[in-house]
Amino acid sequence: MPVKPKSKCNRGWQSLTGGYLLAAVLFCAACAQEPPKVPRNLKDSDAIWIADGRTTPVHDSLFYLNQPAPLFRKEFQTASQIKSARLSITAAGYYQASINGELVGKNTLDPAWTDFSKRIYFTEYEVTHLLAEGANCLGVSLGNGFYNPLPLRKWGMRNLREDTKVGKPTFLAQLSIEYANGESMDIVSDTTWTYATGPLLRNSVYIGVTYNANQEIEGWNAPGFDDDLWERTQRAESPGGELQRAFIPPVQITREIAPIGIYPQGPGRWIVDMGENFTGTYRARLHGKRGDTINLRFGERIYDDGSLNPMTTVIGQIKQPGVGGPGAPDIAWQADAYIIGEDPDAWFQPPFTYHAYRYIEVEGLQQAPDRSDLVGLSMHSNVPNESSFSSSSALLNSIQKATERTFLANLVSVQSDCPAREKFGYGGDINATSEAFIYNFDMQAFYRKTVYDWLDAMNDTSFVDTAPYVGIQYCGISWESAYLITQYYLYLYYGDEDFVRELYDQNVQWMDKVARLHPNAWVDQGLSDHESLEPVPVELIGTAHYLQCARIMATFAEVLGDEARSDQYLRLADQISDRLRKAFWDQPVAGPINRQTLFATLLYHGVVPEDQKDAAKDSLLLAVQRGPAGHFSTGIFGTKYILEALSHHVSPQAVFDVVNSTNYPGWGHMIDRGATTLWETWKESDNIYSNNHPMFGSVSEWFYRWLGGIRPDPRNPGFEEFLLAPVTPSGLDSVTCTYSSPRGLIKSSWRREENGDYRFQITVPEGSVGHVHLPIDDLDRVEVTKYGLDTDESERMRLSTPDLQLEGGHHQIWVSRR
């Protein structure tokens, strides 16, 4: 049917072609004006939400039956000389879009997971190259995503269908076409589209997909396809959220991973070892006879006999009959199924799901797969990744690599605690590791989205644990404070003052809520130092987070010139600090407590009086020495605190000796046990705990802050000025560290020469100032050679101080020792 352009003219458009609208020959018969340009924002278009005509199951058990994913198509005609074409599209659920049979863009698992009743992000794609003159077809397939989840009762109780905004997958789209002559037209989602169901029989972001190649519809998304038997789409209810243009790095496949080995495991069953634990999907060539079913299961580990161990990635600890609710699998492991169709040698890549795995169990093939038959596809939010850390220690390098891999594995539009069992955006994990993430990747846009997720998730009367909200609310302020603490790190590392200004009123309201819930400036409810090897009272950790938030708000108020509130929050901070000091420092702590976390928390948050810090330092060092193997016994927050407190107040050497060791407990122990991603617990787990958990990744922050020495200056946020104070512990010969700051790349490298001299190489971005402190006590002289950032010109100077102020340029520093 004709496609009508938008116009403020109400007298109607006429076409000289008598039927289809060809933009090149349009004119307005009544007023003879040129047709207006089509709106470029999906929010302002005539597009409507559309879906298929099927009903949603009324009983939980029915969700586990086949629910084939719908395919939507719209044919249209274009004129010649297309200047540009842009597709704006979003969905509640996931979508894949194609034009003339070619997939649009590289994004996957789009749109980003949000509370769809609050906000929905749409993506814009440049698609001029995909259009042809004349007949074209726009195709869309929909997946369930987090909008239409299975009613899996995680831990036997949490059901996303009850705790979140859910519904039948639906989408909204506008294809805007502009011609060389200035005319334009748009194709929008409406009830003129047609739909049918395709080969994707089931799809879940948690337990995988079932795909029947016999139900593939050849050419469905190409022009000329006969869709007479297809049904008309129906107008769908809007999910309710405000449409916003996507600004965050999209989820994309960023790397292909080849298997390192394949071996048999019983008749018709093989284990594929990808060599590393990661998040993503795969592309597999599957051989067989028509109707054969190939089953694939995924796991992080194998048992001693070589068989797959999927238990650390089982969804929500559903590991026995009845736990997951009616219709749920007895064990909710990650699994896909592919039914061979007409092609006995087909390639398969599952849509609308992602797995966390190192090993794949393949069952149902008639012959052993070849290593070339399968490739792993690493998938994550494609955050810019220009920072790096390496050293002369192979163990430290392995820890850093495992941390990076863990971080990326847990970035799928939210920063998750684990990429299989839950996939939720827990605030505690963010508070523990956001600085480490920022050191490794450009997280500014991603963390802005994270803060908006928290804004949508929170309520006025209680604390919630995750954003988007999934019904969990028992962890308390140490989790929900990610809303405010993340804002501070955006301000500190990126100088994002506009964001502070935008959310200031909401921040004040949030602090008012905290005061209502904890009127005595004392936190006595919530989760504490998760996975600490010894007890830690929530009064210590929760109250310390309250203290941190009060100081952040004092800073924000000062930045915005709100002196009254700045004074108010400083007084609150003093009150909270006094309570912590009196309860945990001025008197002995009764009962068992992790003394490492205790003293590290008090020192990290500046609670101990200046004239008593020596005693606190001694107590912290003694607590570490008494720890298992002289290592850390801290949990999710205590580990971040002890890395900083022990380095700053005692000695970075003491931290290095722990980190660069393979004894239990520690990161080196994980690596020594074959880990390629970080564990959720210090103790190895082959059943309960995730083997891909970022919370102990604060060690990477320590690599950048201490071994590289790169630190933001709170007085000059955004690295206008910054601190650079590398340390050179005994047992380490060199470090190479680069950090992508908002002003450019900062480099801090050092090497210990055989004669005991040191060579430092430091790059300061143009427009920045680096305040450098060299870790040399008995220096003889310091010789600095500066090279321009874009020239070979140099200048040389000699100093007799370890403190330097360096401006933009490359600096080579030789330090001779006595």
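Arg 54 is partly exposed, at 28% relative accessibility. Its side chain meets that of Asp 52 in a salt bridge, 3.1 Å from N to O. Asp 52 itself is buried, with a relative accessible area of 2%. This is a predicted model, and a search of the whole structure finds 42 salt bridges.

Two further pairs link separate elements. The side chains of Asp 456 and Arg 119 meet at 2.6 Å, N to O, in a salt bridge. Asp 456 lies in helix H4 (residues 444–457) and Arg 119 in strand E8 (residues 119–126), so this pair ties together parts that are 337 residues apart in sequence. Asp 456 and Arg 119 are both buried.

The next pair joins two strands. Asp 273 and Arg 358 form a salt bridge through their side chains, at 2.8 Å from N to O. Asp 273 belongs to strand E22 (residues 269–287) and Arg 358 to strand E28 (residues 355–363), so the contact ties together parts 85 residues apart in sequence. Asp 273 is buried, and Arg 358 is too. Salt bridges with shared partners also join Arg 269, Arg 297, Glu 361 and Glu 363 into one network.

Now the surface. Glu 216, Glu 218, Glu 342 and Asp 343 gather there in a patch of negative charge. Glu 216 sits in the loop between strand E16 (208–212) and strand E17 (231–232). Its relative accessible area is 45%, so Glu 216 counts as partly exposed.

A nonpolar patch also lies on the surface. Val 58, Leu 62 and Leu 65 form this patch, and together they have about 280 Å² of accessible area. Val 58 is in the loop between strand E3 (50–51) and strand E4 (70–78). Val 58 counts as exposed because its relative accessibility is 69%, and the cut-off for exposed is over 50%.

The helices come last. Helix H6 (residues 482–494) has 13 residues and reaches 17 Å from first C-alpha to last, close to the 18 Å expected. H6 is mostly covered, with 13 of its 13 residues buried. Gly 495 follows H6, and its phi is positive, near 65 degrees.

Helix H9 (residues 563–584) holds Gln 568. Gln 568 is partly exposed, with a relative accessible area of 35%. Its C-alpha is separated by 9.4 Å from that of Met 553, 15 residues apart along the chain. In helix H11 (residues 613–625) we find Ala 623. Ala 623 counts as buried, at 13% relative accessibility. The C-alpha atoms of Ala 623 and Phe 599 are separated by 8.5 Å, and these residues are 24 apart along the chain.

Note on methods
Residues are numbered from 1 along each chain as its sequence is written. This is a predicted model: local features need pLDDT of at least 70, side-chain atom pairs count only at pLDDT 80 or more; totals for chains, interfaces and linings use all residues. Side-chain values use heavy atoms; hydrogens and water are left out. Patches are made of residues with over 30% relative accessible area and no salt bridge: like charges are joined within 9 Å, nonpolar side chains (Val, Leu, Ile, Met, Phe, Trp, Tyr) within 5 Å. Accessible areas come from the Shrake-Rupley method with a 1.4 Å probe; for residues, only the protein chains shown count as cover. A salt bridge is a side-chain nitrogen of Lys or Arg within 4 Å of a carboxyl oxygen of Asp or Glu. Helices (H or I, at least four residues) and strands (E, at least two) are DSSP runs, numbered from the N terminus. Buried means under 20% relative accessible area, exposed over 50%, partly exposed in between (1.4 Å probe, protein chains only). The expected span of a helix is 1.5 Å times one less than its number of residues. Lys and Arg count as positive and Asp and Glu as negative; His and the chain ends are not counted. The place of a charge is taken as NZ of Lys, CZ of Arg, CG of Asp or CD of Glu.
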